[in-house]
Amino acid sequence: MIVTENLTKRYGAMTAVDDVSFVARAGAVTGFLGPNGAGKSTAMRMMTALTPPTSGRALVLGREYRDIPNPGRHVGVMLDASAQHVGRTGGEVLRLVAMQLGLGKDAVPAALARVGLSAKEADRRVRNYSLGMRQRLGLAGALLGDPQVLILDEPANGLDPQGIHWMRTLLRDFADRGGTVLLSSHLLHEVEIVADELVMIGNGRIVAQGSKAELLGSRGSIARSLDAPALAGALVAAGFEARPDRDAVHTAASTDEVGRAALASGVVLTELRAAGSDGLEEMFLQLTADHAREGDAR
Ligand SMILES: Nc1ncnc2c1ncn2[C@@H]1O[C@H](COP(=O)(O)OP(=O)(O)OP(=O)(O)O)[C@@H](O)[C@H]1O
Ligand SMILES: [Mg+2]
């Protein structure tokens, strides 16, 4: 389990991570989602004692990371797959980690097999690895000590569709065996498929969190009608948030409630569906747009 409590990081006047509190529970994959510059990597660096928080704290398996003895045996971390020493072979990189962790001889071949790197590939220098191979190597390093927790920053970067599918299966399996997985991404659809829980951040702050089912299911409805302003008006009068957008109405009301409002006000519906992931996607796009605007202003 990973718990962050009011985790905050300031760089001068800039707040990179702002009062972030969430729990990534054991047995689940938690997607840590946010646009570029949202603060995901900074938060993960604080969880793994690479950056001290300005305030708040992060507990991994009930302790701060730096207080965990031989942390690599408990927490697998992959923050930057391109940070590996390019002059070493993949096998050397892993053997060094295995030595530090005090692991037996079988650990490296087992980890290589788990991530689908062949013995021949392990003998090549990291310099000559593709981005996808580096990701696999990074993941092998994270898995080497047979940890209970995985903290992975954008692990799907550079993987082809088959690689992404493979990684999802691996993470799913890891969580199903009781492990804790926290993985970040700036792509909603990438984590939507594998994650059980989602934590969404923008500008350092949590903007949404909850189970995937909750977040994808509870975002109201989208209705199309011959008179969208009238339908929106009827919904607002009934106490729901609603706004017309051309012939569509986006509303916090459920499909049942929209149907009733339409009937009561005599408005013809031409389409009615739960917003589902559209709601989350819209929120995410909004976040990304807000952030891009801020970036432009700088
Ligand atoms: N050492 C630092 N000094 C100053 N500002 C920093 C530092 N590290 C990160 N930041 C700033 O903190 C903010 C969050 O950065 P972070 O790398 O955590 O975002 P991210 O969510 O991982 O983004 P990405 O999707 O691009 O990886 C950014 O505005 C970044 O410029
Ligand atoms: Mg990052």
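**Reading a helix pair and a sheet**

Mentor: Helices (H or I, at least four residues) and strands (E, at least two) are DSSP runs numbered from the N terminus. This is a predicted model, where local features need pLDDT of at least 70 and side-chain atom pairs 80 or more, while totals for chains, interfaces and linings use all residues. Residues count from 1 along each chain as written, chains are lettered from A and ligands numbered from 1 in written order, and side-chain values use heavy atoms, without hydrogens and water.

Trainee: At what angle do the axes of α2 and α5 cross?

Mentor: Packed helices are described by the angle and the distance between their axes. Here α2 (residues 90-101) and α5 (residues 131-143) cross at roughly 20°, with axes coming within 10 Å. Axes are fitted to C-alpha atoms, for helices over the stretch in contact, with angles from 0 to 180 degrees between N-to-C directions.

Trainee: Which residues make the contact?

Mentor: Gly-90, Val-93, Leu-94 and Val-97 of α2 meet Leu-137, Ala-140 and Gly-141 of α5 (contact: heavy atoms within 4.5 Å).

Trainee: And what is the strand order in the open sheet?

Mentor: Its 3 strands run β2-β1-β4, with antiparallel pairing (at least two DSSP bridges per pair). β2 (14-24) and β4 (55-60) are at the edges with a single partner each, so one side of each lacks a neighbour in the sheet. Between β1 (residues 2-11) and β2 there are 7 bridges, and Arg-10 sits opposite Thr-15 in β2. Helix α1 (residues 40-47) lies across β1, β2 and β4, at about 115° to β1.
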